[in-house]
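Subject: Model for your files

Dear colleague,

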Amino acid sequence: MKEKEYRYASAARTGLLFLEGVPGVAFGDRVVIRDRHGRKRNGQVILSSGELVMVQVLEGTDDLNLDDTWVRFLDQPFELPLSPDLLGRVFNGIGEPRDERPPIISRLRRNVNGEPVNPVARAYPREFIQTGISAIDGLNSLVRGQKLPIFSGSGLPHNRLVAQIVRQSRLLGEESRFVVVFAAMGLSYSDARFFREDFENNGVLGNVAMFINLADDPPIERLILPRTALTAAEYLAFDLDLHVLVVLTDMTYYAEALREVATAKGDVPTRKGYPGYLYSDMAEIYERAGRVHKRHGSITMVPVVSMPSDDITHPIPDLTGYITEGQIVLSRELDNQNLYPPVNIPPSLSRLMKDGIGKDDTREDHPRVASQLYAAYARALEVRNLASIIGRDELPDLDRRYLDFADQFEQRFLAQGPDEDRSVIQTLNIAWELLSLLPGEVLSRVSEADLARYHHWEGNK
Amino acid sequence: MKSGRIIEVNGPLIQARLPGIANGEQLRVGELGLTGEVIGLDGERALIQVYESTEMLRPGEEVVPLGHPLSAELGPGLLGGIFDGVQRPLRAIMETAGEHIPRGLALPALNREKRWDFTPEASLRAGQEIRGGMVLGRVQETRAVEHRILVPPGIKGELMELAGAGSYTLEQPIARVRTPLKGIQELSLLQRWPVRHPRPYARRDDGIAPLLTGQRILDTFFPLLKGGKGAIPGPFGAGKTMLQQQIARWTNADIVIYVGCGERGNELVDILESFPELTDPYSSRSLMERTLLVANTSNMPVVAREASIYLGVTLAEYYRDQGHDVVMLADSTSRWAEALREVAGRLGQMPVEEGYPAYLASRLAAFYERAGRVDTLGGDSGSVTLIGAVSPPGGDFSEPVTNHTKDIIQTFWALSKSLADARHYPSVSWTESFSDAVEAAARWWSREISPEWQARRAQALDLLVRAEELSRIINLVGVEALSPAQRWSVEAASLVREALLQQSALDEVDSYCSPQKQFALLDLAMSLYQRGGELIDSQVPVSALLELPALARLRRAKNSYGNEQLDALARLKEDMQAQLDELAENYGEGRS
């Protein structure tokens with residue numbers, strides 16, 4: 001089978017190549033295609049019957065003809081060779097070098113699709129990661145092994161935020177830093193360069209494995225790229241015991257590539273033309289984050305999802321939110337006020353925060369302070385709405401305090417420099433300065449003891 | 001049945017030539033021995049869905065029929081366990097194969113070596129006529145739950161021999177029965193049941209007792225009955241999983257079956273790690289002793305996800321038939337429906353709404369119909385309560401799964417994004433939720449807790465709805481436009497929201513609220529509202545009421561006083577009344 005090359009495809013369209021009468025081809029088999037110029041393309045079998053074999057061509061079917069296209073079935077799935085030398089390198093979607101250095105040679109190769117982790121083998125993520133960013137550490141804490149996406153929009157500073165997270169993330173009381181697996185799907189050249197330079201300037205390039213598919217690279221390759229990158233991440237985390245931070249950017253381009261192929265295959269379209277299996281497909285990627293019992297390493301995932309027309313109910317952010325353990329949502333309104341990082345607090349959430357903060361992890365009052373800040377800010381936003389209708393002067397005294405609270409919260413708590421690395425204690429102290437703008441009676445989410453210890457109400461001044 | 005050969009592989013769906021095979025039959029597929037199920041026939045071609053990844057499977061490989069439909073293994077050893085959607089034992093798989101789930105690994109669901117202490121039913125004698133559903137004997141499965149070994153449904157005949165007290169493995173015979181049609185049959189602690197068929201019972205009854213969850217917004221405001229069907233729809237981040245876990249923790253059912261259907265792996269880990277440490281408030285035993293998990297997480301093969309719901313409800317019915325009250329939580333039925341959609345799409349079936357097949361509504365209805373309180377074949381009474389989470393895309397409740405579910409269920413706990421955004425948890429909306437079970441629940445509350453319950457509940461709901469309207473006015477013209485009575489309503493509603501509806505799952509004191517404490521808090525808030533209203537009618541300003549020290553105490557009462565401190569709540573009520581009386585007197589004197 002391996003030696004045989006087949007010619008005369010029966011059809012080629014929108015990334016799919018069809019061959020008739022090739023018996024016994026395995027589903028998911030890796031395929032190498034030679035076109036009439038002798039150039040090599042990669043493909044994968046996505047349907048196999050005695051009569052018809054359907055091959056998805058990663059580089060697309062442009063410029064293929066039916067007669068002079070040779071197809072070889074490798075009788076093996078897509079595999080990635082694994083070695084510690086992955087770090088410091090740049091690859092394409094199937095793990096071939098993009099940095100003009102030799103390919104990785106290793107006897108250890110793994111199927112890029114991985115195998116689902118047995119839920120029983122998972123260890124619950126609960127170690128607080130300090131990102132140095134108040135909006136995250138204080139209100140939406142990240143823990144090791146979590147998948148926490150950034151929901152963004154075109155033109156919003158998600159790249160800057162991701163770079164800051166990569167730079168500053170650390171575990172309290174531990175020296176070891178994260179190694180980074182950077183997976184870029186459909187990224188523009190300038191964005192790719194931004195990350196590369198940022199890693200370089202911070203001297204971490206040697207600790208980063210990059211898998212890059214640029215905006216002008218073939219879109220179908222984006223379907224396999226995150227799987228390849230995560231296979232590398234799993235190796236680094238669970239074979240080499242490293243703590244891995246995986247950045248996937250941008251999952252929206254991934255999903256669009258999936259839709260492109262699904263449409264070509266004739267799959268039944270659901271919301272906005274995306275196939276019904278978009279959820280399961282994305283889950284296969286996101287669920288590869290986590291921790292496993294008896295393994296020291298971990299995979300923490302920060303995917304970037306840009307929301308088409310800032311719509312959080314669009315299928316891509318929507319289904320992502322159902323799979324990931326929370327989301328950090330960026331706000332155009334705050335960004336327009338030049339506030340960085342423009343984190344939209346009400347819809348942002350970290351589901352795993354509860355087990356990573358508090359007495360033994362950050363500080364005893366942290367869970368209640370976070371809940372109180374959320375509640376007070378939500379109330380303050382309501383008041384701000386009201387003030388925009390009836391004017392500040394018409395408001396009762398308490399409501400005016402809430403207005404001040406909202407302004408101060410945004411200016412002092414949310415806003416910080418792209419290089420400003422705050423400790424979580426600093427973050428909590430700022431939180432209490434803000435809560436001290438409000439009288440203790442309305443702060444029902446914190447305890448009496450918290451109030452006595454941290455609340456400095458100066459009354460009516 | 002003869003084996004056949006694969007003709008086509010298309011993702012999780014394959015075709016094989018298998019003349020004479022029946023729909024629903026189980027198969028071993030290919031050299032790896034994957035498990036599959038026939039879902040359609042087309043001449044000699046069988047359409048087969050495979051529960052495992054079909055990667056590297058090829059036309060020409062063998063397919064072997066197993067001669068039975070997808071069936072659950074039933075017997076001692078289920079509780080405390082965790083199984084995948086087709087009942088493979090995930091703990092045993094980890095011991096055998098490590099941290100990943102390999103393909104084609106067929107392990108029996110229940111441990112065949114473990115011995116169980118069996119006590120035969122004292123009243124049974126050899127020669128006696130027995131029939132399906134009768135209790136043969138008992139096994140203490142966990143310290144919290146007694147497992148009754150039943151004659152399997154469909155068996156009827158003369159008991160020839162019943163084993164004495166002793167320890168038996170699952171497959172050792174414990175009884176022999178002479179049946180008229182099938183001759184002598186041996187019964188053991190283990191039996192099987194096809195998961196897609198409801199288990200039989202003698203008679204169906206209406207629910208009479210509420211399923212208590214310790215959550216005020218559910219128990220007090222939108223009750224669900226034991227044997228009822230409920231749904232929790234909500235957009236992501238609204239707290240569906242948290243609420244389901246709270247129900248699993250604190251419900252007064254005997255058995256909890258939690259089906260993680262297409263959801264996050266870490267959520268099941270959370271249960272696996274936390275439940276053994278938590279104590280059931282009713283039996284004082286570890287929660288894991290009454291809990292059983294079915295886990296088909298989102299990254300596990302999609303077809304087994306479809307089966308997981310049926311497996312879960314079959315296990316629930318099995319314990320119901322032993323006379324237990326069982327709750328099954330399905331998180332999430334939307335993922336189940338999507339699995340249905342995916343298979344339908346690959347079969348080329350005509351999509352109707354949002355790509356879902358036309359039979360979505362009937363499948364959903366048939367699933368929920370397996371809930372109910374019944375008289376069992378053995379003459380006992382048991383119930384299955386079904387609670388399904390729904391994950392509507394974009395939080396849009398008009399989408400097909402939410403919409404059809406709403407028509408079927410009795411209690412609808414709608415989660416609201418805006419409440420969750422303000423960290424008001426549980427984020428159950430009091431305007432969109434409903435319960436058809438209030439009348440039946442009221443009989444229980446009135447008998448067990450207080451005759452005032454129904455009136456107080458109605459009063460509180462009415463207040464909340466009215467305050468909602470008033471806040472629309474405030475948003476247009478400001479609070480000054482309201483009359484003092486209206487302002488008092490707004491303030492009282494905000495008190496109800498804070499002191500009653502919000503309940504933190506993470507707060508040790510408040511995570512579980514007993515029905516007695518629920519009513520005490522409700523009664524406190526409502527009597528304050530009522531008496532306060534009277535004072536306002538006699539010219540007491542709202543601000544004076546808001547400054548009452550008792551009011552601040554009431555706001556924190558849920559966390560300050562535990563379930564056993566009802567006397568403290570009674571004292572708070574007295575203090576509050578005294579303060580209100582004093583206020584009335586002061587203002588009465590001021591006027592005269």
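A:Pro341 lies in the loop between helix H8 (332-336) and strand E22 (349-350) of chain A; helices (H or I, at least four residues) and strands (E, at least two) are DSSP runs, numbered from the N terminus. The peptide bond that leads from A:Tyr340 into A:Pro341 is cis, with omega near -10°.

Before the rest, some conventions. This is a predicted model, in which local features need pLDDT of at least 70 and side-chain atom pairs count only at pLDDT 80 or more, while totals for chains, interfaces and linings use all residues. Residues are numbered from 1 along each chain as its sequence is written, and chains are lettered from A and ligands numbered from 1 in the order in which they are written.

Backbone geometry

A cis peptide bond also runs from A:Thr249 to A:Asp250, with omega near 10°. A:Asp250 sits in the loop between strand E18 (243-249) and helix H5 (251-265) of chain A.

A:Lys272 is partly exposed, with 13 other C-beta atoms within 10 Å. B:Arg423 counts as buried, with 23 C-beta neighbours inside 10 Å. The cut-offs are 20 or more other C-beta atoms within 10 Å for buried, 12 or fewer for exposed, and partly exposed in between, with C-beta atoms placed from the backbone.

The bridge partner of A:Ser48 in E1(B) is B:Val9.

Nonpolar core

The largest nonpolar core has 321 residues; such a core is a set of buried Ala, Val, Leu, Ile, Met, Phe, Trp, Tyr and Cys residues joined through C-beta atoms within 7 Å. Among the members that touch the most others are A:Ala183, A:Val244, B:Ile257 and B:Met328. Helix H5 (residues 302-321) of chain B gives the most to this core, with 12 residues. Not counting residues up to four places away in sequence, B:Met328 touches B:Ile257, B:Val259, B:Gly312, B:Val313, B:Ala316, B:Val384 and B:Leu386.

Sheet and domains in chain B

An open sheet of 4 strands has the order E12-E11-E9-E14 in chain B, with antiparallel pairing; two strands pair if DSSP finds at least two bridges between them. Its edge strands are E12 (146-150) and E14 (166-168), each pairing on one side only. Strand E11 (residues 135-140) is joined to E12(B) by 5 bridges, and B:Val139 stands opposite B:His147 in E12(B).

Chain B is divided into domain 1 (4-70), domain 2 (115-191), domain 3 (210-436) and domain 4 (453-591), with bounds from an automatic or database domain assignment. The centres of domain 1 and domain 4 of chain B, taken over C-alpha atoms, are separated by 63 Å.

Regards

Notes: Contact = placed C-beta atoms within 7 Å.
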